[in-house]
Amino acid sequence: MKPIVQISLDLTNIDEALETAAMAIRAGVDWLEAGTPLILAEGLHGVRKLREAFPGIPIVADLKTMDGGYLEVEMMGKAGATHVVVMVRAHEETIRCVVNAGRDFGVKVMGDNLGSPDMVAGAKRLEELGCDYVIHHIGYDERRGIAAQGKRMPNPLDQLKEVVAAVNIPVQAVGGLSLEQAIRCPEFGAPLVVLGAPLTIDADAFKTASGDLEASLRLICEKIHAYGDVAVGKK
């Protein structure tokens, strides 16, 4: 598949999120993500506003679903989300409910392996349970906590090739990537490139980063899209 650039709107104000989204779309971003902070702050209202403003753009609702999966997907699907996120640590019945609701409401399911004791096995489990995509994710708190102990922070690229090779569905790497690392994700076989905290959003304040973000994003999108087709599936 061709590389896809997604921006994570990890903001807590819908007006700022709409402004950032408009800038991102002008720069060539393909998908918008209603990040977890935006979901918590604005809920269905925020997703509806994004859908109204960008009628033809895929919208990922980063719900991080752990329970009540069917209803959450139904609500977000009716509000305009095209993709939702369920966690690998959820009970398998919850993941199945999310997948079933996705089929019923035309929503794609992204399974997130955050917190899995075996990240590769977690990715396989998500595929086996019917997820359409895998998010290979090293968490914000996990990275910061390990760094505070004076240890090297884990990075999604550490096991990205292994995760990609283990599944037949597209993979996205998330969590502490530098800009250069994010741009290289298609080289690892991961065609879904997410830009967000701390790349385009200030990770601590959850506010739009300063500087000429639109020009920078345009160059980033051009570079990622220039990779051409990325092979998806077990090698």
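Buried means under 20% relative accessible area, exposed means over 50%, and partly exposed lies in between (1.4 Å probe, protein chains only). The views below show a predicted model, in which local features need pLDDT of at least 70, side-chain atom pairs count only at pLDDT 80 or more, and totals for chains, interfaces and linings use all residues. Residues are numbered from 1 along each chain as its sequence is written, and side-chain values use heavy atoms, with hydrogens and water left out.

**View 1**
Helices (H or I, at least four residues) and strands (E, at least two) are DSSP runs, numbered from the N terminus. Phe-54 has a relative accessible area of 12% and is therefore buried. Leaving aside neighbours within four places in sequence, Phe-54 is in contact (heavy atoms within 4.5 Å) with Leu-18, Ala-21, Ala-22, Ile-25 and Leu-32. The C-alpha atoms of Phe-54 and Val-232 are separated by 28 Å, the two residues being 178 residues apart along the chain.

**View 2. Crossing of helix H1 (residues 14-27) and helix H2 (residues 36-53).**
The two axes come within 9 Å and cross at roughly 45 degrees. The angle makes H1 oblique to H2. Axes are lines fitted to C-alpha atoms, for helices over the stretch in contact, and angles run from 0 to 180 degrees between N-to-C directions. Angles under 35 degrees count as roughly parallel, over 145 as roughly antiparallel, 65 to 115 as roughly perpendicular, and the rest as oblique. The crossing of H1 and H2 is right-handed; that term applies if the near helix is turned clockwise from the far one by less than a right angle, and left-handed if anticlockwise. On the H1 side the contact is made by Ile-14, Ala-17, Leu-18 and Ala-21, and on the H2 side by Leu-38, Glu-42, His-45, Gly-46, Lys-49, Leu-50 and Ala-53. By class, the contact of H1 with H2 has seven nonpolar, two polar and two charged residues. Ala, Val, Leu, Ile, Met, Phe, Trp, Tyr, Cys and Pro count as nonpolar, Asp, Glu, Lys and Arg as charged, and the others, Gly among them, as polar.

**View 3. Crossing of H1 and H9.**
The axes of H1 and H9 come within 8 Å and cross at roughly 40 degrees, which makes H1 oblique to H9. This crossing is right-handed. Met-23, Ala-24, Arg-26 and Ala-27 of H1 meet Leu-213, Glu-214, Leu-217, Arg-218 and Cys-221 of H9. The residues of the contact of H1 with H9 divide into six nonpolar, no polar and three charged. Glu-214 and Arg-26 also meet through their side chains in a salt bridge (2.9 Å, N to O). A salt bridge is a side-chain nitrogen of Lys or Arg within 4 Å of a carboxyl oxygen of Asp or Glu. The pair links distant parts of the chain, with Glu-214 in helix H9 and Arg-26 in helix H1, 188 residues apart. Arg-26 counts as exposed, at 52% relative accessibility.

**View 4. Salt bridge of Lys-2 with Asp-229.**
A search of the whole structure finds nine salt bridges. In the bridge of Lys-2 with Asp-229, the closest N and O atoms are 3.2 Å apart. Lys-2 lies in the segment before strand E1 (4-9) and Asp-229 in the segment after helix H9 (213-225), so the pair ties together parts that are 227 residues apart in sequence. Both Lys-2 and Asp-229 are exposed.

**View 5. Salt bridge of Asp-158 with Arg-152.**
The closest N and O atoms of this pair are 2.8 Å apart. Asp-158 counts as partly exposed, at 38% relative accessibility. Arg-152 is exposed, with a relative accessible area of 59%.

**View 6. Thr-36 and Lys-64.**
Thr-36 is found in helix H2 and is buried, with a relative accessible area of 18%. Not counting residues up to four places away in sequence, Thr-36 touches Asp-10, Asp-62 and Lys-64. Lys-64 is found in strand E3 (residues 59-65) and is partly exposed, with a relative accessible area of 25%. Although Lys-64 is not a glycine, its phi is positive, about 50 degrees. Most residues other than glycine have a negative phi.

**View 7. Pro-186 in the loop between helix H8 (179-183) and strand E8 (192-195).**
Pro-186 is buried, with a relative accessible area of 7%. Not counting residues up to four places away in sequence, Pro-186 touches Pro-3, Val-193, Ile-224, Tyr-227 and Val-230. The C-alpha atoms of Pro-186 and Ala-231 are separated by 9.1 Å, with the residues 45 apart along the chain.
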